[in-house]
Amino acid sequence: MGVSIQVQNLNAWFGKKQALFDITMTAQANHCTALIGPSGCGKSTFVRCINRMHETIPDAKAAGSVKIGDVDAYNGTSATQLRRRVGMVFQKPNPFPTMSVYDNVAAGLKLNGFSSNHKQMDEIVERSLKNSALWDEVKDDLKKKSGASLSGGQQQRLCIARALAVEPEVVLMDEPCSALDPISTGKIEDLIFQLKQNYTILIVTHNMQQAARVAEYTGFFLLGKLIEFDKTTKIFTTPSDKRTEDYITGRFG
Amino acid sequence: MRTRFQQGLDDLREKLLRMGGLAEQAVERACQAYIDRDLNRCHQVLENETLINAAERDIDETAFDLMAMQQPMAVDLRFLLAVVKINADLERVGDQAVNIAERVMDMVELPAVELPVDIPRMATAVSAMVRRALESFVEGKAELAQAVLEMDNVVDRMRDDAFIVLVKKMNTNPEATRQALDALLIARNLERVADHATNIAEDVIFWVRGDDVRHNASPEFPAQPAAGSSGS
């Protein structure tokens, strides 16, 4: 089951340049929360702080509290342990090109030190591909077909399957549909709806209609600050802050 | 800034205002026709109805295109929703003006009788409501719209008073029944115009503030019928 993501007073820097300012918000368990805002506003940095990928950049640092359920992401947990609880899907599908579909999904487990027999592995790969709504399209050629031979939309669902294989509680998605056509986008959005039953989803998107379609809650970032966080219907119909309204109505940004 | 979208919204606003002008003019002409027993004005109202109907279709089409092509959000979405609803109300105002004109045409065929009802006073109040509702739309001011809502009760009372005195007139002067009935229907038409002005004002408040003030905040519509409730 998904768990909540509780963020308190999170600040982040790239060298001396501060990228996030005192962010406090909670993403509800088993809900989808969308983050919107103009390019460079800090929403991707925010997401990368949640699974501690931000700190992998030289000179980058973060300070504040991030809790995944009861687990403190920055205190008493290694980044590797944390990332088993927090899966991530990126803007551009990035399957391992030389690996089969099966191995791509299994790689998520192997990279996380999961050892199992063939039968267990088969079950996990099948379950992950079913959960990412890709199983029916690849089941006949699972071990022969290369991950790179799939369409863009299929590759993205393969990456989601890879993220799900380690049974995370939270799935972070950083513009997962920006490189996909509308049909593939629709499939991913339907998938997000299904995934909410078992995972907590945090999605960064530039597509405001997408945020409106998939997320129950939406946060608007501007210049590294969380300007407004509320129910998605409120944000897109009657936002409280003028800056939010100006952004979502296209008056700036 | 989405310049083309803003231009589209401005064009739509202009169109709705022109339609509002036609609807307002239709009511005023119909009422003036009542005062002057003027068949020419009645015919003008009937002829102009086609313009109002054409404007309604044009506005709906423009709003629909903007919704589909520009995917509006927040204040722009509320504006477009308000425009579509105001559009329908203005078209109904035009219909009410036609109804009044038809009653006047009937009355002109009959002998003039003294009726104990002040239709011109009621028409003035109703026209003021329509004008102010449109002003609130032009200015985007919820306070102006709020004032329209408060005028509705006054017109409702005028209609009720008209009903009482005109029924009495029918009883005491049966030969004036048809004229009294026409006047009664005109009072009812004017009251309906006031209701449409109220709807317009409510839509302006929704657009400007995002508040739904209709029906005095009635209870929420249940998602599903209560168990055991009859569906037949």
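In what sense do β1(A) and strand β4 of chain A pair, and over how many bridges? The two strands run antiparallel, and 8 bridges link them. β4(A) covers residues 60-68. This is a predicted model, and the description below rests on it throughout. Ala12(A) faces Ala62(A) in β4(A). Gln8(A) is set opposite Ser65(A), again in β4(A).

β1(A), residues 5-14, also pairs with β2(A), residues 17-27. This pairing is antiparallel too, with 7 bridges. Phe14(A) has Lys17(A) of β2(A) as its bridge partner. Strands of a sheet pair through backbone hydrogen bonds, either parallel or antiparallel.

## Two hairpins with glycine in the turn

β1(A) and β2(A) make a hairpin with 2 residues between the strands. There, Gly15(A) adopts a positive phi near 60°.

β5(A) spans residues 71-72 and runs antiparallel to β4(A), with 2 bridges between them. One bridge pair is Lys67(A) with Asp72(A) of β5(A).

## The open sheet of chain A

Chain A also has an open sheet of 6 strands. Their order is β6-β7-β8-β3-β9-β10, and the pairing is mixed. Which strands stand at the edges? They are β6 (86-89) and β10 (225-231) of chain A. Each has a single partner strand, so one side of each lacks a neighbour in the sheet. On average, neighbouring strands of this sheet are turned by 20° against each other, direction ignored.

Inside that order, β3(A) and β8(A) run parallel. Leu35(A) has Val204(A) in β8(A) as its bridge partner. In a regular strand the side chains alternate between the two faces of the sheet.

## Helices of chain A

Helix α6(A), residues 152-165, lies across β6 and β7 (170-174) of chain A. The helix runs at about 170° to β6(A).

How do the axes of α3(A) and α4(A) cross? α3(A) spans residues 101-111 and α4(A) spans residues 118-131. Their axes come within 10 Å and cross at roughly 105°. Angles from 65 to 115 degrees count as roughly perpendicular, so α3(A) is roughly perpendicular to α4(A). From α3(A), the contact uses Tyr102(A), Val105(A), Ala106(A) and Leu109(A). From α4(A), it uses Met121(A), Ile124(A), Val125(A), Ser128(A) and Leu129(A). By class, this contact has 8 nonpolar residues, 1 polar residue and no charged residues.

## Where the chains meet

The contact between the chains draws 11 residues from chain B and 11 residues from chain A. Helix α3 of chain B, residues 74-108, gives the most to the chain B side, with 5 residues. By class, that side has 6 nonpolar, 2 polar and 3 charged residues.

## The largest nonpolar core

How many residues does the largest nonpolar core have? The count is 140 residues. Those with the most contacts inside the core are Leu202(A), Val27(B), Ala30(B), Val126(B) and Ala133(B). Helix α6 of chain B, residues 177-209, supplies the largest share, 16 residues. In soluble globular proteins, nonpolar side chains tend to be buried together.

Ala30(B) shows what such contacts look like. Leaving out residues up to four places away in sequence, Ala30(B) touches Val45(B), Ala97(B), Ile100(B), Ala101(B) and Val104(B).

Glu175(A) has a positive phi, near 50°, and is not a glycine. This residue belongs to the loop between β7 and α7 (182-195) of chain A. Glu175(A) has 19 C-beta neighbours inside 10 Å. A residue is buried at 20 or more, so Glu175(A) counts as partly exposed.

Arg37(B) also has a positive phi near 50° in a residue other than glycine. It is located in the loop between α1 (3-36) and α2 (39-70) of chain B. Is Arg37(B) buried or partly exposed? Arg37(B) counts as partly exposed because it has 13 C-beta neighbours inside 10 Å. A residue counts as exposed at 12 or fewer.

Key:
Residues numbered from 1 in each chain as written. Chains lettered and ligands numbered in written order. Predicted model: local features only at pLDDT ≥ 70, side-chain atom pairs only at ≥ 80, totals over all residues. Pairing = 2+ DSSP bridges. Helix = DSSP H or I, 4+ residues; strand = E, 2+ residues; numbered from the N terminus. Contact = placed C-beta atoms within 7 Å. Nonpolar A, V, L, I, M, F, W, Y, C, P; charged D, E, K, R; others polar. Axes fitted to C-alpha atoms, helices over the stretch in contact; angles between N-to-C directions. Parallel < 35°, antiparallel > 145°, perpendicular 65-115°, else oblique. Core = buried A, V, L, I, M, F, W, Y, C linked by C-beta atoms within 7 Å.
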